[in-house]
Amino acid sequence: MRRPIRYPESLLEALNLNKACHLKTGLDYSRLTVDQKKGLRFLLESFLTEREQMIMTDRYVHCMSIKKIAEKYSLTENRIRGTITQSLRNLNNRWMLLYVVQGYEVRMKFMREYLAWMEQRYRYWIEDLDGLHLFYQDIGILELPVRVTHALRRYDVNQVRDVVILSQYNDGIRGIRHLGDKAEEHIEKALQKGGLLPKHYEKIKDKPYCIKQDRELAAFQNLNIWFLREHEKKNVAPAESGDADDNHLDEENEKSEDGEQEGDEEDGNSGS
């Protein structure tokens with residue numbers, strides 16, 4: 001007879017973590033380390049509302065039925081079922097689940113170091129290895145319209161670096177109240193004039209990270225790719241430029257993937 005599935009096994013099975021993270025060996029859900037459990041708590045607190053956390057706790061920690069949970073909160077069973085489905089969907093993000101696979105402290109350390117490295121590479125492109133560039137200065141130096149500057153400050157965006165990061169997301173600058181297409185155009189022109197953005201690039205569409213350092217890392221990865229592409233266009237013969245751009249862009253993406261996947265092929269239980 002199969003033993004009852006207890007938390008966190010119950011939740012990790014529902015998330016199908018091993019498949020989501022493409023783990024070859026597979027994480028043993030019953031043998032999580034303290035750091036891996038901390039990573040799971042971190043995800044729950046980062047991705048779910050307080051109500052969603054309570055419902056998920058009732059379902060997967062206390063093993064309550066949908067009917068019992070619905071009665072507890074005076075909601076319909078369909079509402080509870082929908083909340084659980086949506087919560088699992090919110091948590092089922094490969095890059096975020098690595099906080100469980102690798103452990104919270106391990107992942108945070110890796111991300112800090114990787115972010116510092118990618119930001120250093122970006123500073124190479126903008127020729128600011130000494131840290132004296134306007135990149136680290138107050139947004140007032142961009143001489144944006146007063147309305148735009150005030151809107152950014154209300155959103156606690158005070159450094160040019162923060163504006164650069166926001167510029168890489170579709171939901172970045174336009175996600176700030178009172179800022180639309182015109183404001184985004186003003187900001188991007190100011191950043192390009194200062195050499196902080198490549199002339200042509202594509203925004204990030206598929207990584208809506210809610211964790212700050214992950215969003216920052218993805219932004220600098222994107223910037224480095226497009227600065228590299230711009231550099232190659234200037235330095236490769238016209239007849240070869242198309243193939244060279246694609247090859248270098250592929251190489252940059254592969255390096256980024258290799259860095260992100262560090263630990264993907266480990267089951268993460270070596271410290272158990």
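Helices (H or I, at least four residues) and strands (E, at least two) are taken as DSSP runs and numbered from the N terminus. On this basis, the secondary structure of the chain consists of 13 helices and zero strands, so that, read from the N terminus on, the elements run α-α-α-α-α-α-α-α-α-α-α-α-α. The model is a predicted one, in which local features need pLDDT of at least 70 and side-chain atom pairs count only at pLDDT 80 or more, whereas totals for chains, interfaces and linings use all residues. Residues are numbered from 1 along each chain as its sequence is written, and side-chain values use heavy atoms, with hydrogens and water left out.

The chain has 272 residues, of which 49% count as buried, where buried means under 20% relative accessible area, exposed means over 50%, and partly exposed lies in between (1.4 Å probe, protein chains only). The accessible surface of the chain, computed by the Shrake-Rupley method with a 1.4 Å probe, comes to about 15300 Å², and 48% of this area belongs to carbon and sulfur atoms. Among the contacts (heavy atoms within 4.5 Å) in the chain with a separation of 6 or more, 68% are accounted for by residues 24 or more positions apart.

A salt bridge is defined as a side-chain nitrogen of Lys or Arg within 4 Å of a carboxyl oxygen of Asp or Glu, and a search of the whole structure finds 12 of them. One of these is formed by K72 and D58, with the closest N and O atoms 3.2 Å apart. The pair links distant parts of the chain, since K72 belongs to helix 5 (residues 66-73) and D58 to helix 4 (residues 50-61), 14 residues apart. K72 is partly exposed at 48% relative accessibility, whereas D58 is buried, with a relative accessible area of 3%.

A further salt bridge joins the side chains of R174 and E184 (3.1 Å, N to O). R174 lies in the loop between helix 10 (160-166) and helix 11 (181-193), while E184 lies in helix 11, and the pair therefore ties together parts that are 10 residues apart in sequence. R174 is partly exposed, with a relative accessible area of 37%, but E184 is buried, with a value of 8%.

The side chains of E188 and K203 also meet in a salt bridge (2.6 Å, N to O). Because E188 lies in helix 11 and K203 in the loop between helix 11 and helix 12 (212-235), this pair ties together parts that are 15 residues apart in sequence. Both E188 and K203 are buried. Finally, R174, D181, E184, E188 and K203 are linked in a network of salt bridges.
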